[in-house]
Amino acid sequence: MADAPSVTTVVVGDRLPWPDDPSATDEKGPLDSAAIFHSGVRRDCIIRKISALGATVESELVPALGDRVSIEIATGQRPGGKVAWAARGELGIRFDDSID
């Protein structure tokens, strides 16, 4: 039995992947797993949407707006950034530097 393909949305261009982005889909399936780091604490998370400028992640971690976090993605990159918004168990992270 083959693994189902990820339904994590990759947003192309210089846009932030926020929930009101029209590229959002309601597809059901596995999302890319990652880890989020905040104040020395590591928690598992999943990436709902990602772009070169930021990510929307689902996590049990609840940092305050403006808090510094980093996420470790499957490529091994660990971009740092700030929490731009939080709602319903999701966080919007604006990266300090763009990623590839």
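Biologist: Is Trp85 buried or exposed?

Modeller: Trp85 is buried, at a relative accessible area of 16%. Buried means under 20% relative accessible area, exposed over 50%, and partly exposed in between, with a 1.4 Å probe and protein chains only. This is a predicted model, in which local features need pLDDT of at least 70, side-chain atom pairs count only at pLDDT 80 or more, and totals for chains, interfaces and linings use all residues. Residues are numbered from 1 along each chain as its sequence is written, and side-chain values use heavy atoms, without hydrogens and water.

Biologist: How many aromatic pairs are there?

Modeller: The count is one aromatic pair, where rings of Phe, Tyr and Trp (its six-membered ring) pair if their centres lie within 6.5 Å. The ring centres of Trp18 and Trp85 are 5.9 Å apart with planes at 90°, so the pair is edge-to-face; planes under 30 degrees apart count as stacked, over 60 as edge-to-face and the rest as tilted.

Biologist: Where do the two residues of the pair sit in the chain?

Modeller: Trp18 is in the loop between strand E1 (9–10) and strand E2 (32–38), and Trp85 is in strand E6 (residues 80–87), 67 residues apart. Trp18 is buried, with a relative accessible area of 15%.

Biologist: A change of topic: how many helices and strands are there?

Modeller: The protein has zero helices and seven strands. Both are DSSP runs numbered from the N terminus: helices are H or I with at least four residues, strands E with at least two.

Biologist: And what percentage of the residues is buried?

Modeller: Of the 100 residues in the protein, 40% are buried.
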